[in-house]
Amino acid sequence: MFNADDLKKGFLSDLENVINENNLSDLWKKYFSKQGSIQGLMSGIRNVAKEDKKAYGQFVNDVKTWAQNKYEEKKSEIEKAALKTRYENETIDVTVPSNAQEVGCLHPLTTVKYEMINVFAGMGFEIFEGPEIEDDDHNFTRLNVLKDHPSRDMQDTFWLTDELLLRTHTSPGQIRVMDKEKPPIKVLVPGKVFRSDSDATHSPMFSQLEGLVVDKHITLCDLQGMLDEFVRNMFSDSAKTRLRPSYFPFTEPSVEVDVSCFRCGGKGCSLCKGTGWIEVLGGGVVNKKVLENCGIDSTQYSGLAFGIGIERITMLKYGINHMGKMFENDIEFLKQFKA
Ligand code: PHE
């Protein structure tokens with residue numbers, strides 16, 4: 001009766017050419033949209049005799065359903081194919097060996113600082129940290145480095161204002177601890193210090209580990225005993241210390257401490273410049289004036305103090321000949337310290 005063969009034929013041949021989602025949406029527009037052929041077929045109802053209108057409507061609906069089913073089939077075919085291509089493209093070969101991740105390590109200065117702290121922690125020291133920006137009082141005056149005293153020139157200071165400076169040593173930590181705590185005191189003050197000085201063995205910024213012990217009957221022997229223990233742990237079981245007289249305003253007597261050369265065992269080599277000894281730190285018996293400056297009765301108590309350059313110990317331990325090496329962030333250099 002009614003005939004849509006041409007439309008169906010056209011639809012089938014268009015359908016056959018559909019190979020992707022774009023074609024599919026073009027096909028939809030061509031047949032199913034408001035301007036589409038199937039809607040056009042429906043508009044044909046105007047020309048149909050009244051009594052046939054119902055049958056015509058049914059006929060158009062059948063054509064539409066038939067076309068929709070074909071369309072849906074094609075749609076799911078296209079979607080499946082797209083998914084398949086995606087899966088194929090995105091496959092990963094889980095058997096390919098991965099790029100090995102490089103594992104980092106601690107900076108040698110950090111490692112050595114921890115080692116040093118560990119040795120002293122074993123002797124019962126606690127840690128205290130002070131500010132890097134200090135005032136004249138803590139950095140100099142109360143450490144008995146008086147204004148206009150020539151010993152101020154021993155350290156080239158970075159002044160920030162008339163009163164404030166970048167601490168030139170960790171010794172102001174001694175004052176800060178003694179202001180807060182009463183003896184017995186046994187502390188370490190690790191930290192960065194600053195001096196206007198720069199060459200192979202000096203850098204404007206470096207690190208120190210300060211030690212302070214205040215108690216009854218503390219003597220220079222206690223200092224040597226502790227430092228002997230320290231060098232045995234840091235360098236070698238047979239390492240020994242030697243104290244030489246020196247001068248610091250905040251210790252009296254003051255000493256410069258040498259360690260027996262751990263490379264040649266004291267015979268003399270390039271590391272110890274033929275002397276058999278290597279200078280490692282400064283220290284002494286805490287000057288009574290410093291104790292009194294902090295309200296500690298120097299007739300009852302005495303103390304010992306020492307300051308160790310962490311870079312110096314690191315350079316000696318690893319045979320590093322230029323201090324700058326430790327601040328360059330040169331990966332090739334740093335890699336050597338992987339455990
Ligand atoms: N503060 C001194 C320095 O930086 C070292 C030191 C510390 C000496 C403690 C004696 C006692 O050179």
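A residue is called buried when its relative accessible area is under 20%, exposed when over 50%, and partly exposed in between (1.4 Å probe, protein chains only). The views show a predicted model, in which local features need pLDDT of at least 70, side-chain atom pairs count only at pLDDT 80 or more, and totals for chains, interfaces and linings use all residues. Residues are numbered from 1 along each chain as its sequence is written, and side-chain values use heavy atoms, with hydrogens and water left out.

**View 1**
Helices (DSSP runs of H or I, at least four residues) and strands (runs of E, at least two) are numbered from the N terminus. Apart from neighbours within four places in sequence, E115 is in contact (heavy atoms within 4.5 Å) with M234, K317 and Y318. L164 is 49 residues away from E115 along the chain, and 32 Å separates the C-alpha atoms of the two.

**View 2. F306 is one of the residues that touch the most other members of the largest nonpolar core.**
A nonpolar core is a set of buried Ala, Val, Leu, Ile, Met, Phe, Trp, Tyr and Cys residues joined through side-chain atoms within 4.5 Å. The largest core holds 45 residues, and M116, F120, F230, F235, F306 and I313 have the most other members in touch. When residues up to four places away in sequence are not counted, F306 touches F120, F125, L188, L209, E210, G211, L223, L227, L281, G282 and G283. There is also a second, separate core of 21 residues, with L165, V189, F248 and V290 among them.

**View 3. Helix α10 has buried residues that are covered by other helices and strands.**
The buried residues in α10 are I310, E311, I313, T314, M315 and L316. Their cover includes the helices α5 and α8 (220-234). It also includes the strands β5, β8 (277-286) and β9 (302-309).

**View 4. The side chain of N144 has a polar atom 2.9 Å from the backbone oxygen of P249.**
N144 sits in the loop that runs between α6 (136-139) and β3 (164-166). N144 has a relative accessible area of 13%, so it counts as buried. Leaving out residues up to four places away in sequence, N144 touches P249, N287, K289, V290 and N293.

**View 5. A polar contact of 2.8 Å joins the side chains of S171 and E210.**
A polar contact is a pair of N or O atoms within 3.5 Å; within protein, one must be able to donate a hydrogen and the other to accept it, and residues adjacent in sequence count only if both atoms are side-chain atoms. S171 lies in the loop between β3 and α7. S171 is buried because its relative accessibility is 4%. Neighbours within four places aside, S171 is in contact with L143, E210 and F250.

**View 6. Helix α7 packs its buried residues against several strands and helices.**
The helix covers residues 172-180. P172, G173, Q174, I175, V177 and M178 are its buried residues. The strands that the buried residues of α7 pack against are β2 (133-135), β4, β5 and β9. The helices in this packing are α6 and α9 (288-293).
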